[in-house]
Protein chains: 4
Amino acid sequence: MAGLKIAVIGGGSSYTPEIIEGFINRHHELPVKEIHLVDIPEGMWKLEIVGALAKRMVARAGVDIEIVLTTNRRAAIEKADFVTTQFRVGGLAARAKDERIPLKYDVLGQETTGPGGFAKAMRTIPVILEICNDIEELAPNAWLINFTNPAGLITEVVQKYTNVKVIGLCNVPIGMVKMVANILEVESKRVKIDFVGLNHLVWGSKVLVDGEDVTQIVLNKLSDGAALTMKNIPDLKWDSEFLNSLGMLPCPYHRYFYMMEDMVKDQQKAIEEGGKGTRAEQVLEVEKGLFEVYKDDTLQEKPQQLEKRGGAYYSDAAVSLISAIHNNKKQLHVVNVKNNGTIIGLPKDVVIEVTAVVDKTGAHPIQVGEISPKIYGLIQGVKAFEELTVEAGVKGDYQMALQAMAVHPLVPSVTVAKKLLDDILIENKEYLPQFQSKIQELISKFGE
Amino acid sequence: MAGLKIAVIGGGSSYTPEIIEGFINRHHELPVKEIHLVDIPEGMWKLEIVGALAKRMVARAGVDIEIVLTTNRRAAIEKADFVTTQFRVGGLAARAKDERIPLKYDVLGQETTGPGGFAKAMRTIPVILEICNDIEELAPNAWLINFTNPAGLITEVVQKYTNVKVIGLCNVPIGMVKMVANILEVESKRVKIDFVGLNHLVWGSKVLVDGEDVTQIVLNKLSDGAALTMKNIPDLKWDSEFLNSLGMLPCPYHRYFYMMEDMVKDQQKAIEEGGKGTRAEQVLEVEKGLFEVYKDDTLQEKPQQLEKRGGAYYSDAAVSLISAIHNNKKQLHVVNVKNNGTIIGLPKDVVIEVTAVVDKTGAHPIQVGEISPKIYGLIQGVKAFEELTVEAGVKGDYQMALQAMAVHPLVPSVTVAKKLLDDILIENKEYLPQFQSKIQELISKFGE
Amino acid sequence: MAGLKIAVIGGGSSYTPEIIEGFINRHHELPVKEIHLVDIPEGMWKLEIVGALAKRMVARAGVDIEIVLTTNRRAAIEKADFVTTQFRVGGLAARAKDERIPLKYDVLGQETTGPGGFAKAMRTIPVILEICNDIEELAPNAWLINFTNPAGLITEVVQKYTNVKVIGLCNVPIGMVKMVANILEVESKRVKIDFVGLNHLVWGSKVLVDGEDVTQIVLNKLSDGAALTMKNIPDLKWDSEFLNSLGMLPCPYHRYFYMMEDMVKDQQKAIEEGGKGTRAEQVLEVEKGLFEVYKDDTLQEKPQQLEKRGGAYYSDAAVSLISAIHNNKKQLHVVNVKNNGTIIGLPKDVVIEVTAVVDKTGAHPIQVGEISPKIYGLIQGVKAFEELTVEAGVKGDYQMALQAMAVHPLVPSVTVAKKLLDDILIENKEYLPQFQSKIQELISKFGE
Amino acid sequence: MAGLKIAVIGGGSSYTPEIIEGFINRHHELPVKEIHLVDIPEGMWKLEIVGALAKRMVARAGVDIEIVLTTNRRAAIEKADFVTTQFRVGGLAARAKDERIPLKYDVLGQETTGPGGFAKAMRTIPVILEICNDIEELAPNAWLINFTNPAGLITEVVQKYTNVKVIGLCNVPIGMVKMVANILEVESKRVKIDFVGLNHLVWGSKVLVDGEDVTQIVLNKLSDGAALTMKNIPDLKWDSEFLNSLGMLPCPYHRYFYMMEDMVKDQQKAIEEGGKGTRAEQVLEVEKGLFEVYKDDTLQEKPQQLEKRGGAYYSDAAVSLISAIHNNKKQLHVVNVKNNGTIIGLPKDVVIEVTAVVDKTGAHPIQVGEISPKIYGLIQGVKAFEELTVEAGVKGDYQMALQAMAVHPLVPSVTVAKKLLDDILIENKEYLPQFQSKIQELISKFGE
């Protein structure tokens with residue numbers, strides 16, 4: 001083998017130094033020869049800055065990896081061994097809308113959960129289908145490692161509507177392991193969490209240190225105020241009686257469901273006059289700063305400042321997954337894959353987030369079986385939303401989209417669902433080719 | 001056969017004339033010999049009034065049915081062929097609390113759905129288990145026909161924790177058939193609706209007249225403003241685009257989910273100063289009036305005024321079900337029975353509301369198979385609540401109760417769930433033997 | 001409605017007077033206007049004889065039904081309301097081969113079960129697919145009522161590979177009801193049997209008279225030697241301990257599995273010199289006699305002699321099913337339909353034989369749930385054979401055919417499976433368009 | 001931790017040097033302190049011989065393991081960390097009966113498959129339940145590693161009827177990996193086979209070398225005559241067309257099903273006058289020789305001759321599994337565990353043989369999903385037999401036992417099933433406490 005070719009779609013992202021660092025650190029076991037950083041013409045200026053840094057990082061590390069910067073996606077994908085996706089259709093400006101539109105109706109404004117996640121999915125689906133088209137044609141043996149959010153839902157689109165080999169990945173599970181290790185003051189490699197659920201809606205049903213069950217100890221620590229969250233999610237504390245009756249570890253995103261009111265209030269405060277703005281608006285500032293840092297010719301490694309974003313452990317999760325595939329490691333990873341009966345009760349063809357054995361032939365989930373009524377209602381509620389959203393986004397079906405919005409557990413009524421949907425379609429009109437005629441109809445009815 | 005013995009638990013209810021009328025009307029096919037109306041000592045005055053009317057009704061009809069009024073439940077149950085339950089633990093006063101407590105937290109106040117349904121279940125579970133104990137001992141071959149709300153959940157308690165043969169029954173499906181017949185201006189016996197879901201959360205997946213699919217026609221009529229509701233549920237109109245995208249007939253209770261905000265506002269307005277009060281408080285008035293009417297010695301049949309309550313068609317549903325069993329009719333009825341794989345995705349041992357073939361050996365559901373994501377999220381969300389509530393109520397388990405409340409789709413957060421739960425426990429303290437020590441703890445913490 | 005059009009494929013069958021009688025007897029509720037009896041040119045002589053009888057029967061009954069005799073299948077199907085299939089590809093000569101080939105290898109020779117059923121399926125599949133093609137084009141709203149054996153397997157072909165509305169029907173369940181009624185000396189309409197299984201492999205899991213469970217009584221009677229079989233199956237007696245441990249009613253065809261050796265010996269004896277020949281050869285004689293009888297111009301009704309064939313109650317089953325559909329009766333019939341979760345453990349898309357509610361929209365199975373290990377092994381063993389046979393027959397796939405034969409519970413080894421398969425293909429070469437190239441290869445290897 | 005305590009039930013077996021060698025070889029990672037070899041008084045002479053050898057082996061290896069020889073099972077189990085079972089109720093004499101009885105009726109005579117497996121299960125079940133009783137009381141945290149055949153069925157007994165943590169293990173999968181490695185001339189650690197099925201009825205659905213699919217290559221080699229069998233199973237060659245149409249790797253025991261006739265003939269020949277006797281009788285000879293060898297005081301390691309028995313790789317499989325548990329390795333092992341939805345279609349509570357991730361908390365199967373009709377019929381057929389056998393053996397239920405025997409795919413009829421069952425019960429009378437009254441009845445009917 002002459003060395004691996006990697007295509008990174010959305011290569012101009014400020015996260016890119018993360019993944020470059022990951023490939024450098026594992027170069028001894030993962031013989032990457034070329035990394036193609038792909039972006040769209042509008043992102044060329046970012047791609048050039050971050051790409052130059054990537055080249056300096058590789059040079060400094062002394063590894064033989066060629067960094068290619070390009071807007072030619074098809075050339076990048078051709079004969080690639082792995083394609084990773086970290087693109088964001090519409091950029092942070094679109095994300096800011098995802099966060100602000102729902103808040104008008106007192107509904108959570110978040111880019112992966114609820115109406116914001118719906119909007120992001122609608123923008124992303126046409127693009128991911130194009131990418132998969134290219135992969136089917138130009139690199140049919142490539143693995144697609146999808147990070148693009150909502151990661152579970154986008155993975156389900158690929159799973160249901162293409163022939164591409166795909167694994168969805170998120171840094172939440174690995175982040176939870178690291179945080180729990182931190183809370184327990186043990187090395188993170190000694191910690192294992194049995195994860196079950198959906199992307200951004202995953203529970204740790206059991207926490208083990210060296211195979212011993214320490215779930216209750218962790219719940220006690222959390223009850224006593226230990227932090228378990230991510231950069232982008234306010235660290236509201238968990239009610240002790242609730243945690244103990246749950247008997248499982250919620251993920252940081254669960255706050256959006258279990259503490260819905262307080263989370264909405266917190267977000268609304270942020271966008272009031274004098275507030276700090278939505279997360280997108282804060283990230284915009286962080287990102288500006290990052291690109292200034294990246295421009296510094298003397299910088300030759302991933303800067304500390306990158307940790308202010310929510311993507312910690314991202315490189316670790318991604319590159320170790322790719323290495324597990326390439327090296328046929330039969331190693332456990334928490335991934336987004338087809339259910340296929342793993343969780344009894346969910347449809348067979350939907351995507352779930354679960355521990356799987358990863359080897360050269362893919363990710364093979366460990367059987368879960370039946371799940372508790374403490375969690376199945378919420379899982380099925382969100383999965384129903386996801387199934388409807390996938391179909392709505394692929395087919396450009398307004399009726400299905402209305403149902404998707406109406407069934408989401410965070411949307412209080414059909415009336416609000418419809419207002420949200422119409423606002424989202426109108427405000428994202430340049431990114432939704434599949435809904436063009438409906439959008440024209442809405443604009444002529446409501447104005448832009 | 002010497003004629004059937006019926007025990008009516010909660011016989012002092014103002015609904016009793018309904019069921020008496022039912023038995024009179026079907027006496028030609030259902031040879032009832034004795035109807036034992038059972039109530040608790042506090043309800044004796046009502047039992048005497050309504051019982052006297054029942055005797056006059058029977059006499060007037062000229063049928064040979066003995067009406068027995070009693071507070072001796074065991075004697076009434078002994079050797080009964082059918083036991084029906086229409087009791088209400090705590091009476092309308094408790095119902096009023098079920099309706100008012102949630103509204104304090106801007107949560108729906110309803111006696112069968114949401115926190116109100118939870119409270120009613122907690123009060124009812126200890127009593128239904130006692131009744132089933134009696135049936136197992138004194139009338140092991142009897143059928144229990146359960147109407148007591150939340151009817152699906154209470155039927156699930158009996159199904160999971162006793163050996164009693166039970167069928168749960170609700171007047172909503174038969175009511176929907178009558179209303180659809182009315183809308184379409186056809187006889188109701190020509191209308192069939194394929195029902196699927198849970199009690200008070202049941203959809204008509206298809207509407208047929210003489211076997212022809214008229215679902216879309218009915219949805220159009222509803223979109224145009226045709227009424228489809230019940231006496232106790234405000235007739236808020238359905239959004240046309242929503243109805244068409246749903247492609248199914250929602251039940252009146254679905255308004256509590258799909259129009260949550262407006263329903264809560266409507267309820268809050270009712271309890272403001274000068275408002276009409278909660279439904280319980282209105283019913284209290286209706287009931288007072290009814291008992292005045294019932295007292296009239298010259299009254300010998302079910303009075304018109306009874307229709308102001310929500311239980312229309314109740315006698316029809318109940319007595320025709322009993323007749324289908326007794327006469328081995330192999331007839332279709334919409335009932336609450338064990339899932340057993342009928343709806344794929346739901347656990348096997350939970351109770352669902354579905355069309356079943358009823359004969360002497362019970363109710364045998366017609367296979368449904370997989371259900372649409374348009375409805376499975378909500379069904380599973382409410383069923384998770386029900387499963388947790390059943391376990392909490394039977395075992396007196398506060399932790400399980402907290403989980404039940406927290407996962408209900410109408411409860412916005414854990415914080416609210418806990419407040420609701422604690423209020424409910426304290427305010428119902430005389431009816432919750434299973435939670436006494438926890439209630440003492442709460443009272444010493446919060447006061448009464 | 002102007003009256004119904006019926007197309008009977010295989011109208012020249014000696015069974016035709018059965019179905020004609022059925023339509024005459026139900027003419028008051030089933031307004032049949034035209035019955036098109038279709039056959040192939042080679043069958044024209046039979047069609048003319050039996051068709052003439054049909055016309056005399058109709059005339060004598062004084063009902064307004066037009067009998068049309070034709071070899072133009074497409075014309076017969078066009079705008080038909082119901083299409084029934086009773087054709088036999090290759091006639092009784094092919095059936096005789098189905099019965100004789102397996103016996104060479106000491107394997108059961110039967111036209112619906114085991115290798116004989118496989119052979120018949122291979123011949124039938126290309127023809128049923130053509131018929132369905134015609135229905136899809138010319139009568140898309142027609143119901144196909146399939147009797148052609150192996151009835152469950154052929155129904156599964158239609159279910160999986162066409163868009164035709166199909167119900168498979170067999171006279172075994174109705175026959176068992178009649179025989180049990182006879183044994184118990186009650187009217188057959190008072191008897192209900194809960195059937196579960198596959199066509200020609202169906203168990204009566206419970207026998208009820210007027211809704212009372214009499215299963216044990218029936219098993220006792222069978223143990224004592226009461227007959228429960230069909231004209232075409234030797235009445236070998238059931239072992240009493242076996243029957244009691246089974247606790248269910250086996251169907252007559254179960255003898256082929258539970259008494260395999262004796263059945264094979266019985267068949268081998270029949271084909272020895274001086275024996276009575278295979279069932280096909282006996283039927284050939286019966287049929288000759290029947291056609292002689294049919295020719296009699298004075299005969300105006302179904303003759304007694306027809307009862308010597310195995311198809312008793314066939315008209316009753318068929319026409320009452322058609323009437324249940326047409327009249328939207330919501331009546332219970334035992335039919336072959338898609339499993340769809342009715343029997344837990346079997347794949348969703350396979351066809352099973354089970355009690356269903358029949359109305360204008362089709363046959364809706366009553367939920368069965370999990371089945372006992374006493375029967376699931378055999379059901380799944382035969383269903384695996386059926387699934388493989390369906391695929392082999394539709395695709396002309398020799399490998400799949402070899403697997404089908406090898407997994408059949410009555411075939412003792414791969415070696416025998418292969419010999420059987422090759423013999424069957426060669427001996428049926430004129431009826432197997434889908435296997436032509438493989439057959440040429442076999443012939444050049446083995447000779448004809 | 002002070003070092004592990006191991007209890008080996010059936011420690012006098014001639015296999016014991018295998019497992020002792022295993023513990024010696026892994027002593028660096030598995031700190032075993034004590035190995036208690038337990039046997040019954042009748043086996044004391046063997047225990048002393050093999051135990052002395054074990055002590056010499058340990059001494060020679062210089063590892064600090066105490067070998068304890070005992071007939072006190074409870075003392076051996078008390079506080080054990082792992083209990084392994086390799087006992088054989090009735091010894092080789094009983095096995096010889098298992099092999100000879102079926103052959104009288106032309107049915108396969110084998111100690112784990114068919115009627116022989118049934119007989120062995122009946123003898124083993126009362127003993128394994130006693131052992132589990134002891135474990136529950138004296139070593140509730142111990143893992144039971146069960147090798148005793150029929151290993152899957154006995155593991156299912158433990159799984160369904162006790163609270164003991166159990167994993168069933170067999171050397172067939174590891175043996176297949178070694179043989180495939182041999183055929184392909186690669187190191188066995190590079191070979192992975194995806195196993196699915198039941199114990200002694202397991203298929204390799206995919207064969208991989210370094211993660212690349214080489215299934216077809218292996219099938220081609222087998223078609224060309226490469227050997228894939230075990231010491232105790234004749235190496236009859238596979239038909240090439242059959243293997244290719246199967247597309248999976250059969251296990252050596254599959255010959256008993258796919259080549260049933262030839263296997264029976266082969267066995268019958270062995271017991272004819274001048275034949276080599278049944279496998280038990282051959283093993284008796286091998287064993288005699290082994291014990292002679294073991295007696296040699298100078299022997300300090302596992303002798304070559306042991307490989308003549310069928311248990312190759314047994315120590316490797318067992319000790320590496322124990323090490324995976326103890327060391328929380330998260331390693332893949334092929335084991336017998338509760339299905340729990342892993343194979344869709346099989347009941348949830350039965351035991352299957354499948355690849356699992358093994359760590360300190362047990363064996364967690366990798367999801368399989370739906371399986372092909374090529375294999376599900378046979379799997380379900382044998383599993384139905386196993387479920388009935390488990391229930392019959394635990395409850396001493398003759399009716400269930402008759403059903404078990406009647407449904408086994410290798411038993412041709414109820415008549416034969418009953419004869420087999422009665423012979424087995426009578427001939428094993430001293431080992432079947434659960435069937436004593438039935439056995440008396442049979443003896444008084446048939447004589448002994």
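Biologist: In this predicted model, which residue of chain A comes closest to the rotation axis?

Modeller: The model is predicted, and the axis in question belongs to the rotation of 180°, with 0.0 Å of shift along it, that superposes chain A on chain B with an RMSD of 0.0 Å. The two copies are thus related as by a two-fold rotation axis. Judged by its C-alpha, at 2.0 Å from that axis, the residue of chain A that comes closest is G345(A).

Biologist: Which element gives the most residues to the side of chain D that touches chain C?

Modeller: Chain D brings 38 residues to this contact, and chain C also brings 38. Several helices of chain D give two or more residues to its side, among them α9 (240–246), α14 (373–395) and α16 (414–427). With ten residues, the element that gives the most is α14(D).

Biologist: Which three residues supply more of the area that chain D buries against chain C than any other three?

Modeller: The area buried between chain D and chain C is about 3,200 Å², and carbon and sulfur atoms give 55% of that area. Of the part that chain D buries, 18% is supplied by E241(D), Y376(D) and Q403(D).

Technical notes:
Residues are numbered from 1 along each chain as its sequence is written. Chains are lettered from A and ligands numbered from 1 in the order in which they are written. This is a predicted model: local features need pLDDT of at least 70, side-chain atom pairs count only at pLDDT 80 or more; totals for chains, interfaces and linings use all residues. Side-chain values use heavy atoms; hydrogens and water are left out. Copies are superposed by least squares on the C-alpha atoms of residues with pLDDT of at least 70 in both. Contact means heavy atoms within 4.5 Å. Buried area is the accessible area (1.4 Å probe) that two parts lose on being put together, summed over both. Helices (H or I, at least four residues) and strands (E, at least two) are DSSP runs, numbered from the N terminus.
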